[in-house]
Structures are given as structure tokens and as C-alpha cells.
Amino acid sequence: MSLYGKADVLHINGTVMGSDAYFHHNIDFGKQGMLIELDGTTDGTLKIESFLSEIDGAGNVIKEWDLGKIFSEYMVQEGDDPSNFVRNGVDWFHMNAATYDPADDTLLISSRENFVVKLDYNTGKIIWLLGDETKHWYSYPSLQKLALSLSSGQVPIGQHAVSITKEGKLMLFNNGRRSFNHPSGTPAGIDLATSQAAIFDIDSQNRTGQMIWSFDDGIYSDICSSIYQDQLSTKGDFLINYAVADNRTRVIIQGINKDKQKLFEFTYPSPTPCATSWNAIQIPLENIHFQ
């Protein structure tokens, strides 16, 4: 699900993120609670779309990850200057989704501006990066070291809706739109002609991977959008949402199976981009009880 909202007071690691703490983008299941993306000010420093928290049902913070701090400390340790990459007060990261991988106790986080990043849940250590290597981030040797070598398929570009399939693979919606907020004079990356839904099989230890499934219906949806698998069905069908199709004027929602057969398609007008639909998930109606 997705949510934009405002928290009057949110306590994170003893720091009060006050009336300027905002929820944005996805809310997804974490290890123990729910993963939420936040904007806010910590110690007088504005953090825009680069802060992740896991909260319980009462809103208490279980754990948090400051991606700016994580990347800065790692890059300095490796001999790089992060000042033109991690830029507080600027939407340099643009976190739009995060999910927990129980297979190896890690987080998969989507940075729309840069890459997909895999973090160790407990330590915050960066395990690998997967993204467009023509973008600014790849100019840093420290980040190059973490880049996956992809043997087949298209790397994610401006991706949304990272999740784990029933088979334990990384799935995402590959929008195919270059960076919006890269530093002046640095490369923004490439644009794709159409958007893809994709599944990747990744060997974290060797930092290698391959695309093992993709679906491209010739539709370009450059922002928002999603693909999710029906986790309760034995068939494991997929729901795809092209939130800004036809030059950001129309929503297209499709159901497809693993053989890429189209099960249904709905279309809706969208006068304002992402307002009619931002993403879409399956809801098992048989589990809903009315009182």
C-alpha cells in the first residue's frame, strides 16, 4: 500500500522528528512490523526521502536506517568523498519502496534516483547495488565495488515496488526513467522506450545476477506504478499497475500469469499523474469480514 501523511511527533533513536516528519510512498511488511519511508529533520539536518523506519502496530519505532549516513560512512571508509552524492536537503536518494527478505535477514530498498540496494538488517552494511551504471553513482570506486554483475536482462532504472516473490526472488517494476535530481554536470542515465515488470535471481555472495522473467507490453509508465504477486494463490499470478500510461493521462491495470498470458485489463482516465492510481495490490476478499 502507499501513503502520504504527516506525523506530529516521531521518536527515532532518541531524536524527535517533529511536525516536519512526513510519511511517503510505500508501507510494506518488515521483519517484525511495517517498513515506512520518512522525510524529516534530525539534529537540524533535513533528510529527504532517505530515511527508513520499521514500526510496530502502535507506531513505536523498532529499528531505523539513515541511508545518507550509511552511504557517507561507507564511502569515506573506502576513500571516496560522498559530499556530491549524499546531499542533505536534496532528494538525492528518493526512497520509494523497501521490503524485508527473510532468506538472509536483509532489506531491499529502492532508490529511484540511483539503484536497488541490499542492506544487512541488523548492521546496515551495504551488500550490493543494482542499477544503471551510466548514472552519477557509478563514478565512485567505492560504489562500483558493490555493483552486481548482471549476466542477462535490463538493469532497473527509476524502479518502483520492490518485493520478494514466492520463490524468494527480487521482483520490481522497471519504469525506465533517468534520474531527476542528479548533481549539475553529472550523468542522469538512460531512458527506456517501454517499462518492464521483472524478476531477478541474485547471488549476493558473488555479486552476480540475472533476469529470469520479464513482461513488456509496450507501455511506458515512467513514474509511480507497480507489480505484485498473489502470495496466497497457488498459481502465483501477477497484478501490474501502469500508473501513468499514455503520456501520464491513463492508468492501465493488468492481471497476468507466469506464462505472460493476460487475464484481464482495466483502464481509467488519470487527469493528474499518479492521482487516480499510484500502485495496486491484491486483496483476498474471502478474508474480509463485515460487522
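Student: Which residues make the nonpolar surface patch of about 580 Å²?
Tutor: In this predicted model, the patch is made by Ile281, Ile283, Leu285, Ile288 and Phe290. Patch members have over 30% relative accessible area and no salt bridge, like charges being joined within 9 Å and nonpolar side chains (Val, Leu, Ile, Met, Phe, Trp, Tyr) within 5 Å; areas follow the Shrake-Rupley method with a 1.4 Å probe, and for residues only the protein chains shown count as cover.

Student: What about the ground rules for numbering and confidence?
Tutor: Residues are numbered from 1 along each chain as its sequence is written, and side-chain values use heavy atoms, without hydrogens or water. Local features need pLDDT of at least 70 and side-chain atom pairs count only at pLDDT 80 or more, while totals for chains, interfaces and linings use all residues.

Student: OK, inside now. Which residues of the largest nonpolar core touch the most other members?
Tutor: Those are Phe71, Phe85 and Ile109, in a core of 28 residues; a core is a set of buried Ala, Val, Leu, Ile, Met, Phe, Trp, Tyr and Cys residues joined through side-chain atoms within 4.5 Å. At least two core residues come from each of helix H1, strand S8 (95-101), strand S9 (106-111), strand S10 (115-120) and strand S11. Helix H1 gives the largest share of this core, with five residues. Apart from this core lies another, of 17 residues, among them Leu108, Leu130, Val155 and Ile164.

Student: Which residues of H1 are buried?
Tutor: In helix H1, which covers residues 67-77, the buried ones are Leu67, Gly68, Ile70, Phe71, Ser72, Tyr74 and Met75. An α-helix has 3.6 residues a turn, so residues three or four places apart point the same way.

Student: And what sits at the start of H1?
Tutor: There a side-chain oxygen of Asp66 reaches to within 3.1 Å of the backbone nitrogen of Gly68. After the helix comes Gly79, whose phi is positive, near 90°.

Student: Switching to Lys118, is it buried or exposed?
Tutor: Lys118, found in strand S10, is buried because its relative accessible area is 3%. The side chain of Lys118 meets that of Asp104 in a salt bridge (3.2 Å, N to O), a salt bridge being a side-chain nitrogen of Lys or Arg within 4 Å of a carboxyl oxygen of Asp or Glu. Asp104 lies in the loop between S8 and S9, 14 residues from Lys118, and the pair links distant parts of the chain. Asp104 counts as partly exposed because its relative accessibility is 34%.

Student: What else does the side chain of Lys118 join in a polar contact?
Tutor: The side chain of Thr106, at 2.8 Å. Polar contacts are pairs of N or O atoms within 3.5 Å; within protein, one must be able to donate a hydrogen and the other to accept it, and residues adjacent in sequence count only if both atoms are side-chain atoms.

Student: How many salt bridges come out by this rule?
Tutor: The count comes to 15, and Arg177, Arg178, Asp191, Asp222 and Arg248 are linked in a network of them.

Student: Last one, where does Ser139 lie?
Tutor: Ser139 lies in the loop between strand S11 (126-130) and helix H2 (141-144), and counts as partly exposed at 46% relative accessibility. A polar atom of the Ser139 side chain lies 2.7 Å from the backbone oxygen of His136.

Conventions:
Buried means under 20% relative accessible area, exposed over 50%, partly exposed in between (1.4 Å probe, protein chains only). Helices (H or I, at least four residues) and strands (E, at least two) are DSSP runs, numbered from the N terminus.
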